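The following note sets out points for the attention of a colleague. Please read it alongside the sequence and the model.

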Amino acid sequence: MVAIRVEDVWKSYGDDAVLEGVTFEVPDGEFAVLLGPSGCGKTTLLRCIAGLEKVRSGRIYIGGELANDLPPVERDIAMVFQGFSLFPTMDVLENIAFPLRIRGAARQAADERVREIAKTLSIEHLLEKLPKELSGGEQQRVAIGRAIARQPKAFLMDEPLSNLDAPLRAQLRSELKRIQRDLGVTTLYVTHDQAEALALADKIGVLNRGTLLQYGPPQDLFQAPSSAFVARFLGDPQANILNVSLRSGGQPPAYAIVGDGFTLSIPEALGRAVERHAGRGLQVSIRPEEIALSAAPPQGDSVQATVALDEPLTLYRLVTVRPGGGPAGIKVLVAKDARVEAGQGVWLRFDSSKLHFFDRETGRLVV
Amino acid sequence: MGEGDGDAPGPAPGRRRRVSSRRALLYVVAVLAVLNSFWPLVVMALAGYGIDLAPLFSGKAVSYVAGVPFYSGGIFPSPYYYLFSIFVLGFPRMMLNSFVIASISIAIAMGVGVPVGYILARVDIRGRTLVAYLLLALRAASPFIVIVPLFVTYSSIGLYDTYPGVALAEEMLVLAVVVWMLKGFFEDIPREVYDAATVFCKSEWQVFTRVAMRLVLPGVVVTALFAFVLVWNEFLISETLTGAATKTVAVGVWSGIGETTGVVKSFGWDDLNAAGTLAFVPAVAVMLAIRRYLARGFSLGQAR
């Protein structure tokens, strides 16, 4: 069963297109995350699904039912917002009980249910407080509790954690995932934080400028990005995106990519595939963790470079090197105890199967 | 000429003196500004006790009010005029009239204004901005434009000198203010609170009654009492549309109190001032009563 299905949805404010033909579906019980930079249309898309805004064209199905013309209440969804959305004059208990009471639940039954929900969210001690007496994290817990009380077909969450500070964000993130798993409620979650998306999602959709660039399981997007944008947006530290051109010659032809200060030979099959696009500009992406760095010349093909910068991270060190002493910087992840210092000459080895080629103009995947 | 003028090792004392003289000037200006606002009230309240301040300034016991000689008798403090206003000139009756008229008109204005303010603030209907500005235009028009047609028609349909008639006319006058104030309060509710209400409520009506109304309640109280004071003090419509039965205090004060007064009596400034003070008291009392709500009401937006 499909809980949420979005078909070719377009939306514009005046002449500005905000959503341009977005299509995807969230199977029942799954946790899907829409990821994208601010202004990419992800929140608008969520609001369209909630019924808070109307689409220009396209279809939105919730629980198999066409929802385009349904008012928010009949869509049977619950929403958690980024900012302050609790009812300020009601205490925590009344806030969580609100969806129950408004549907005519008796006070006692509602109170009991609220206490259960409060327990799973560890906010039982706050029930008598007013929203303004709560911290940001507590407020969001209450907002989540209110959404749970609604017992909806789907949760819609609009950056619910982005107003919180980092440690709290990580903690609530785990809790959110646990709660979603326990309840098994279909969830669509919007964020600009790729780490949050990777941690939570069964499926990630990356949005940019109103277009859904890629939608699928996190590992698929991570290992096989369909565009340079996706490759750059997912993963921390960011993938290296390098401008290169293809060089071929010889009999049988030997292929190599030529970048700023380096030349790297690639297998013939890959070379042939790339060759069809060689006329246009190419970009290649390679993740910092997929480059091998050594202090001595290794066996086989390698690129010589100079260390420009060394940044120790918690688990690794992020080293910026300049191939051939040129200006282009490539980031490489090395072990914490590796002996690297600025100015040192090093050798890089690339696994050509981890390279992704993109059209420099459109950003689309070539190979 | 200070002795340390030339080789001043410490310019501090000089600067300090300048600061304090500037501060003194500030106090003088402040006192003048306060007097400027409250002078009429002071004169009025004192004159009601028969205390005429004019001789203090002119040195004569006879003052000229608009060219007519007026002998106040100097300074003879006495509550006589207040008691006279209350017990002889029918002042309590006029207070009651004002109260009833203001109450009816505020009830109608709020009954219409709360839903209209909500709709203008929130519901996206074609032409809502036009409606909002038409209301404002109505308010901008001179009251005379409204009064003449009302005066002409009220007599023939039996509304002249009746509570409902006057109240209805007053309501027209304050409705624009009421709607615009309430619209502001409704707009101050954060968008995400509205969104949450929309998602969780079963209808827009519930969003209005279960969420929005509770949030703007202080604003509703402030608006009602503010409008009450406006109607209480309103003169032109009351003067035109009230007769002996419904005369309000604002009119009564001006006409020299009551129908019994003749030409000479109409210059009974002491009565008039005593009455004015009495009429002023309820308005001030209301404003004082809502001053906590005023602050709360006007800061709804920040009431997180």
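Into which domains is chain A divided?

1. Domains. Chain A is divided into domain 1 (2-233) and domain 2 (240-359), with bounds that come from an automatic or database domain assignment. This is a predicted model, in which local features need pLDDT of at least 70 and side-chain atom pairs count only at pLDDT 80 or more, while totals for chains, interfaces and linings use all residues. Residues are numbered from 1 along each chain as its sequence is written, and chains are lettered from A and ligands numbered from 1 in the order in which they are written.

2. Relation of the domains. A distance of 40 Å separates the C-alpha centres of domain 1 and domain 2 of chain A. Between them, 5 residues of domain 1 of chain A are in contact with 5 residues of domain 2 of chain A, contact requiring C-beta atoms, placed from the backbone, to lie within 7 Å. On the domain 1 side there are 3 nonpolar, 1 polar and 1 charged residues; Ala, Val, Leu, Ile, Met, Phe, Trp, Tyr, Cys and Pro count as nonpolar, Asp, Glu, Lys and Arg as charged, and the others, Gly among them, as polar.

3. Chain A overall. Chain A has 9 helices and 20 strands, taken as DSSP runs (H or I, at least four residues, for helices; E, at least two, for strands) and numbered from the N terminus. Along the principal axes, its C-alpha atoms fill a box of roughly 80 × 45 × 35 Å. Of the 367 residues in chain A, 40% are buried, that is, 20 or more other C-beta atoms lie within 10 Å of their own, the C-beta atoms being placed from the backbone. Among contacts in chain A between residues at least 6 apart in sequence, 64% join residues at least 24 apart.

4. Interface with chain B. The contact involves 19 residues from chain A and 17 residues from chain B. On the chain A side, β6 (77-80) and α2 (92-101) each supply at least two residues, and β6(A) gives the largest share, 3 residues. By class, this side of chain A comprises 14 nonpolar, 3 polar and 2 charged residues.

5. Leu52(A). Leu52(A) lies in the loop between α1 (42-50) and β4 (57-62) of chain A. Beyond its neighbours within four places in sequence, Leu52(A) is in contact with Arg47(A), Pro72(A), Asp195(B) and Thr198(B). The C-alpha atoms of Leu52(A) and Pro71(A) are 8.1 Å apart, with the two residues 19 apart along the chain.

Key:
Two residues are in contact if their C-beta atoms, placed from the backbone, lie within 7 Å. A residue is buried if 20 or more other C-beta atoms lie within 10 Å of its own, exposed if 12 or fewer, and partly exposed in between; C-beta atoms are placed from the backbone.
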